[in-house]
Each structure stands twice: as C-alpha cells, then as structure tokens.
Amino acid sequence: MTTVPAAEAPEAPRLPGASRPPRPRPRPPARPRLRVLLGATAAAVAVLLLLVALGTLLRQPLLIPPLAASAALVAGAPDLPLSQPRSVVGGQLLSALTGFAVLAVAGPGPWGAAVAGGLALGVMALARAPHSPAAATAVVVALQATPFWSFLGLLALACLLLVAVGLAAAPATGRTYPAYWF
C-alpha cells in the first residue's frame, strides 16, 4: 500500500453550503522606525515649504492641496507604484490636461470638476501612471479655470521638486527611491 504525501493529497470535496475557513483580518502597518518617521516627515515638510517659498518668489501659488498628498506618498510610502516618478509627474500632468479638456467642453464649475476627477483616474490608468492625488488636480483645474501654460509649467516644476526631494531623502531614511523610473 502506498501513501500519498500530504502535499500531494487531493483536497476533500467541499459540501454545498460548507463555509471556508476565515481569512486572517488585515492589520494596520507596523510603526515605522524612528529614522524613517523623522526622515519622511522632514522631507514632506521641506518640500512643501520649498513649494511655498518658490511660489512666493514667483508670485504664483505653487502649493496646491493635491501636491501635499503627493508629498505624503513620495516621503511616506516611496515603494508604492503611486509614488514613483512616472506616476507623480505623469499622473499630475495628465490629470491637469484632463481637467483642461473638460474645462474647454463644460466650462468651470462643480459638475465639470466631478467629471474631470473621474476621467483623470481612467486616463492615468491607461497611461500606467496611477497617482490618486492627481485626480484632485483635475478637479482644481476644472473648478478654478486656471491659466493653461502657467499652471502646467508650475505643476511640472512642483512635481520635479517632489521627486528630487524624494531622491534626496531616501538615503537619510535608509529607503530606496525610486523603485523604477519608467
């Protein structure tokens, strides 16, 4: 008589209505090491202050709310696909362009802004540049009817600064950034 090892034994048939074993519940992430916590927080504060300082010098607002969320991703979760340079820069610029396209068709207002935010997610997914804070950039564009060239230029500058601070902060936190460029 031969025995089948447990790893190769066929599963017992499941009876209709029998429940599956419960899945383990997701748990919150572990507390970060002090070095990571302090470095990520300092990087986020530094880049946001840098955006305010440059905006003051240029007499143009450079800090918009979606960029604060982008800074949090780059500094706090640099391994995520949402945090990679392709997603930060590409996602933000594609979303702004989506907002401008909707603005051209619908004019400024909350209805068009809602459509722009939703369409931006689809555009970013098609481009393989997911960056959820950028959907809010499309909303900002469609609500405020921002000037096309100056907004795009300032947004590109701000995104490049976010990536640069992410690169500079990575060694201080002992993390690697970026995981990939394109």
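Modeller: Thr173 counts as buried because its relative accessibility is 4%; buried means under 20% relative accessible area, exposed over 50% and partly exposed in between, with a 1.4 Å probe and protein chains only. This is a predicted model, where local features need pLDDT of at least 70, side-chain atom pairs count only at pLDDT 80 or more, and totals for chains, interfaces and linings use all residues. Residues are numbered from 1 along each chain as its sequence is written, and side-chain values use heavy atoms, with hydrogens and water left out.

Thr173 belongs to helix α6, residues 148-173. Helices are DSSP runs of H or I, at least four residues, numbered from the N terminus. Beyond residues up to four places away in sequence, Thr173 touches Arg33, Arg35, Val36, Gly39 and Ala40. Contact means heavy atoms within 4.5 Å.

Ser70 is buried, at 0% relative accessible area. Outside four places in sequence, Ser70 contacts Gln92, His131, Pro133 and Leu162.

α2 and α6 pack at about 20 degrees, axes 10 Å apart. Axes are lines fitted to C-alpha atoms over the stretch in contact, and angles run from 0 to 180 degrees between N-to-C directions. The two helices are therefore roughly parallel, the term for angles under 35 degrees. From α2, Leu67, Ser70, Ala71 and Val74 make the contact; from α6, Leu155, Ala158, Cys159, Leu162 and Gly166 do.

Definitions and conventions:
Angles under 35 degrees count as roughly parallel, over 145 as roughly antiparallel, 65 to 115 as roughly perpendicular and the rest as oblique.
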